[in-house]
Protein chains: 2
Amino acid sequence: MTEKLYKKTILKPSLPKGVRDFSPTQTANREYLFGVIKKYFKLYGFLPIETPAMENLSTLTGKYGDEGDQLIFKIINSGDYLSKIEDKNLLNDSAKLLPHISEKALRYDLTVPFARYVSMNRNDIEFPFKRYQIQPVWRADRPQKGRYREFYQCDADIVGSTSLLNEVEIVNLIDDVFAELNFAVSIKINNRKILNGIAEVCNCEAQFTQLTVIIDKLDKIGIEGVKIEFEKSGFEKNTIGNIVEFLNLKGTNAEILNFLNDKLQNSKIGMEGCEELKTVVENPNITLNENNNLEIDITLARGLNYYTGSIFEVKNNDARSDFKNSISGGGRYDDLTGIFGLPDTPGVGISFGADRIYDIMEELNLFPSEASSFTKVLFVNFGENEANHALMLTKKLRQKNIAAEVFPDNAKMKKQMNFANKRNIPFVALIGESEINNNTITLKNMQNGTQETITFDEMVLRLS
Amino acid sequence: MTEKLYKKTILKPSLPKGVRDFSPTQTANREYLFGVIKKYFKLYGFLPIETPAMENLSTLTGKYGDEGDQLIFKIINSGDYLSKIEDKNLLNDSAKLLPHISEKALRYDLTVPFARYVSMNRNDIEFPFKRYQIQPVWRADRPQKGRYREFYQCDADIVGSTSLLNEVEIVNLIDDVFAELNFAVSIKINNRKILNGIAEVCNCEAQFTQLTVIIDKLDKIGIEGVKIEFEKSGFEKNTIGNIVEFLNLKGTNAEILNFLNDKLQNSKIGMEGCEELKTVVENPNITLNENNNLEIDITLARGLNYYTGSIFEVKNNDARSDFKNSISGGGRYDDLTGIFGLPDTPGVGISFGADRIYDIMEELNLFPSEASSFTKVLFVNFGENEANHALMLTKKLRQKNIAAEVFPDNAKMKKQMNFANKRNIPFVALIGESEINNNTITLKNMQNGTQETITFDEMVLRLS
């Protein structure tokens, strides 16, 4: 910062809409959440990578649909960014001008950067490659409750393997993470090949993309809304009736599999989907924690067209919570990296929506208090000599891994005690002349108000 | 991603210049480095906060000088960003157009966002406020060795206190961090008031900013270069001679303090600087680890004009390393938040340059191998039954906090063993029919090639 800082008029500080600061408690709780997710990523053998916030615009555009392209945050070229514009007509058209004044953009998800990474580092990677990545992404979406312009994704993918064992692992991974986070979830599973099968047996293969887009809206608009959408999109009456029969299907996983086995007999791809779904759901290692369940849900479509096999979505299923949205999702794809020149990289992945999970945990008060417990003991400052003695003791405490600090200023006792209270520091240490002479510490427990004069070793025991 | 992905021509993937991907080993080693810094931040009582990558452009501009303003990455407004431009003359001038098409920018450092945070949250913060923040920043600098366009800063500041005890804590914090990272550093310390004093006694107060800017270059251009710069800037011959006498000063901290005490007698502010420096350097709690030292260096100026008292810089002092640049720095300021409407917030801070520290640790091979040790055991896949049995065992291992995985595909044995080798997985488990029947595991140690058939509990012992 330069002198200009002091010459300028005073600014009323504010944040861009849709982005957030995190306070110490929020930051610590978020770190706890990321820590749990990361712990299971590691236990399952996923390896961490990180990619830069900025990618070449050409890496990102065209991967998320026209709507997605609009939501990518673009960065203006450095320096005299207009100097290379020769065709002045470009200056009348935001869209046409854009590629001439912007070459870089902020990461929109972790999947496309991962595909780029795999393609660029193909010779150094051992396949199957299990990677995890926990980083923020940015989208110029309209902000609303639970939707932010900067939010974290926590992705784990296995690429270079078609084995359905990977799907079993992903179900178990999801189950383990939410069991430790301590709220109930329902893991929905489906297979895109079953949707292909439904399209085949209902005679609407040509409208497959529309079919998935409309089914995807079922949660929001209900079965009657879905029927109207099908009509608007020109689906035949008979076809709609047949599709709705599938969508209305309820039952246990075994009952649904039986129904599908029966109804999709005439579709080869549909039967493949049934077989895959059955293999995953009935694997003997799918033994979930008691709060969670795995449900076949053939109304699950996942909007993204690159999914080709298994698809997952995790919904909050906790009776105590009002927030029932989707909190994680993923699926299998045939070809992650073809667009970047490396064909035939099939894989399967899951993305944990950390910000939505955080909101639920805050709502349900699920963060353990230790996650945001900071300083264990504050030494009151009674003046230079006492403070230096206290500082010597804090150094010894820190060597024993105990967070300790001395109030830096010789302020009034009341102010210092207030500070400890408001900061939720559980112990205050008082060192006066007699404590220095006797090599003792007077330790006050701020929770119950008791006070005792003890040795350093005794203090360590109290604080450990 | 949409179908477009598959229709577009193949892209040769690349990264914008100056930014980097991090491989699994690099990511894990960086996490180790951040972990050590964070550990000491916490032990010293600093609280974590996080701020968004995007700030309002008005929050950032004017804080880093004209040159700094040029290096801020600006984000183009979403949607039809040109539609609000009425004055078409703006379209001929990059600089004038900029504020009309960009309202947001990427964080350039952690100090200005911190000042904004403190100002916005003044009513919720207990002062003195000790905060730490570990996040990336972005600068459109010319990339070169050790200089990146995306890099991490690790900042700790205490605001709302003028006590020099904070400086003592910062010196100890620096010392502790580098002692654990395990390479030798020299902590340089000075006080801006001493530079003010030198300007006073050398009769060049009016040229104070120039004085500090030129002194700051001493490292790069040497004492003769500095003399030439002073001449060019119109400093008087006598003045230059007197300044150079200060700059040539060598000796122990006590000798330097004596010299300054003598030479700055006629400068009130200079004597204040001496007193402050003495208080910090001679505090009885400054007892550094044996590899590190604290050196008064009156040629240390720190370019940033907002420093008003103590200033610090940390240099790599390790005989084994070729990289002797500055790796951390900080200092005391009178007024952090005035520009944001909250006057009188003095403080002192330190910023660890994580990327440069990382480069040195990589050069010196200082990352412990455990930092990047991932999966402990890989189960070879001999087919469906064996793989399912293996998966059951990995679940039990993970419950005991041991990272384990099953090779997902039933590939050739040699391929699976190669995979384990290249991934540096220390143990491979072989489960065939006889192991399933006998409830045993054949465990191969990949380092020494030995192989033994053991029970699950014995396996846990080997892997723990």
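User: In which sense do strand S6 (residues 150-159) of chain A and strand S11 (residues 347-353) of chain A pair?

Analyst: This is a predicted model, in which local features need pLDDT of at least 70, side-chain atom pairs count only at pLDDT 80 or more, and totals for chains, interfaces and linings use all residues. Residues are numbered from 1 along each chain as its sequence is written, chains are lettered from A and ligands numbered from 1 in the order in which they are written, and side-chain values use heavy atoms, with hydrogens and water left out. Helices (H or I, at least four residues) and strands (E, at least two) are DSSP runs numbered from the N terminus, and two strands pair if DSSP finds at least two bridges between them. Between S6(A) and S11(A) there are seven bridges, Asp157(A) stands opposite Gly349(A) in S11(A), and the sense of the pairing is antiparallel.

User: What angle does the direction of helix H2 (residues 24-43) of chain A make with that of S6(A)?

Analyst: Helix H2(A) packs on the sheet, where it touches strand S5 (129-138), S6 and S11 of chain A, contact meaning heavy atoms within 4.5 Å. Axes are lines fitted to C-alpha atoms, for helices over the stretch in contact, and angles between N-to-C directions run from 0 to 180 degrees. On that scale, the angle between the directions of H2(A) and S6(A) is about 5°.

User: Which are the edge strands of the sheet in chain A?

Analyst: The sheet is open and has eight strands with mixed pairing, in the order S1-S5-S6-S11-S10-S9-S7-S8 (chain A). An edge strand here pairs on one side only, and the two that do so are strand S1 (47-48) and strand S8 (293-296) of chain A.

User: How many of the eight residues of strand S10 (residues 326-333) of chain A are buried?

Analyst: S10(A) runs antiparallel to S9(A), to which six bridges join it, and Ser326(A) in S10(A) is the bridge partner of Lys315(A). With S11(A) there is again an antiparallel pairing over six bridges, in which Gly330(A) has Ile350(A) in S11(A) as its bridge partner. Buried means under 20% relative accessible area, exposed over 50% and partly exposed in between, with a 1.4 Å probe and protein chains only. By this cut-off S10(A) is mostly covered, and the number of its eight residues that are buried is seven.

User: Is the crossing of H2(A) and H14(A) left-handed or right-handed?

Analyst: The axes of H2(A) and helix H14 (residues 354-363) of chain A come within 11 Å and cross at roughly 115°. Among the residues making the contact are Gln26(A) and Tyr32(A) of H2(A), together with Ile357(A) and Tyr358(A) of H14(A). A crossing is left-handed if the near helix is turned anticlockwise from the far one by less than a right angle, and right-handed if clockwise. For H2(A) and H14(A), the crossing is right-handed.

User: Which exposed residues does the face of H18(B) turned away from its buried side carry?

Analyst: The buried residues of helix H18 (residues 456-463) of chain B are Phe456(B), Met459(B), Val460(B) and Leu463(B). These cover an arc of only 100° around the axis, so they lie on the same side of H18(B), the arc being that of the directions from the helix axis to the C-beta atoms. Their cover includes strand S12 (377-379) and helix H15 (384-399) of chain B. On the face turned away from that buried side, the exposed residues are Asp457(B) and Leu461(B).

User: Where does Pro128(A) lie?

Analyst: Most residues other than glycine have a negative phi, and most peptide bonds are trans. The place of Pro128(A) is in the loop between helix H6 (111-120) and S5 of chain A.

User: Does Asn365(B) count as buried or exposed?

Analyst: Asn365(B) has a positive phi of about 60° although it is not a glycine, and its place is in the loop between helix H14 (354-363) and S12 of chain B. With a relative accessible area of 67%, Asn365(B) counts as exposed.

User: Which C-alpha of chain B is nearest the axis?

Analyst: Copies are superposed by least squares on the C-alpha atoms of residues with pLDDT of at least 70 in both. Chain B can be laid on chain A with an RMSD of 0.1 Å by a turn of 180° and a shift of 0.0 Å along the axis, and the two copies are therefore related as by a two-fold rotation axis. At 2.2 Å from that axis, the nearest C-alpha in chain B is that of Ile75(B).
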